[in-house]
Amino acid sequence: MKNAYYNQIIELLTQKPEGMRVCNIARCIYNNHCNLFDTSNQYNKIYAIVRHFLWQQSKLKNTPFKSVKNQWGIYSLKKSFVTQLELCFDTWE
């Protein structure tokens, strides 16, 4: 279930409860990991990893990710997972 970008995907999707497109998620992760002068084409690799991971996870029942209905390539977090995150952070000291 874990992915190299799992925590960053969770962080991005908690900021956008309505969901985000895979290309936008990949672009944010790319911007966090690569600098301005990077000449390698890492974006396509990051995009493929994120797209496959979210597609695969959205098909399973016990994951926090879901695909937004009637919109292709847009993923969000399940409401129960977001509530669980809020409870965990409220009790954190």
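1. Of the 93 residues in the chain, 35% count as buried; buried means under 20% relative accessible area, exposed means over 50%, and partly exposed lies in between (1.4 Å probe, protein chains only). The model is a predicted one, in which local features need pLDDT of at least 70 and side-chain atom pairs count only at pLDDT 80 or more, while totals for chains, interfaces and linings use all residues. Residues are numbered from 1 along each chain as its sequence is written, and side-chain values use heavy atoms, with hydrogens and water left out.

2. The chain has 4 helices and 3 strands. Helices (H or I, at least four residues) and strands (E, at least two) are DSSP runs, numbered from the N terminus. Read from the N terminus on, the order of the elements is α-β-α-α-β-β-α. Among contacts between residues at least 6 apart in sequence, 50% join residues at least 24 apart, where contact means heavy atoms within 4.5 Å.

3. Helix H1 (residues 6–15) and helix H2 (residues 22–33) have axes that come within 10 Å and cross at roughly 120°. That makes H1 oblique to H2. Axes are lines fitted to C-alpha atoms, for helices over the stretch in contact, and angles run from 0 to 180 degrees between N-to-C directions. Angles under 35 degrees count as roughly parallel, over 145 as roughly antiparallel, 65 to 115 as roughly perpendicular, and the rest as oblique. The crossing of H1 and H2 is right-handed; a crossing is right-handed if the near helix is turned clockwise from the far one by less than a right angle, and left-handed if anticlockwise.

4. In this pair, Gln8, Ile9, Leu12 and Leu13 of H1 meet Ile25, Cys28, Ile29 and His33 of H2. The residues of the contact of H1 with H2 divide into 6 nonpolar, 2 polar and no charged. Here Ala, Val, Leu, Ile, Met, Phe, Trp, Tyr, Cys and Pro count as nonpolar, Asp, Glu, Lys and Arg as charged, and the others, Gly among them, as polar.

5. The buried residues of H1 are Tyr6, Ile9, Ile10, Leu12 and Leu13. They cover an arc of only 165° around the axis, which puts them on the same side of H1; the arc is that of the directions from the helix axis to the C-beta atoms. The face turned away from the buried side of H1 carries the exposed residues Asn7 and Gln15. Ile10 has a relative accessibility of 10% and so counts as buried. Ile10 and Phe65 are 55 residues apart in sequence, with 8.7 Å between their C-alpha atoms.

6. The axes of H2 and helix H3 (residues 42–58) come within 9 Å and cross at roughly 130°. H2 and H3 are therefore oblique to each other, and H2 passes H3 in a right-handed crossing. By class, the contact of H2 with H3 has 11 nonpolar, 1 polar and 2 charged residues.

7. Tyr30 lies in helix H2 and is buried, with a relative accessible area of 15%. Not counting residues up to four places away in sequence, Tyr30 touches Ser40, Gln42, Tyr43 and Ile46. The C-alpha atoms of Tyr30 and Gln42 are separated by 7.4 Å.

8. Ser76 is placed in strand S3 (residues 74–77). Its relative accessibility is 2%, so Ser76 counts as buried. Beyond residues up to four places away in sequence, the residues that Ser76 touches include Leu13, Pro17, Phe65 and Val68.
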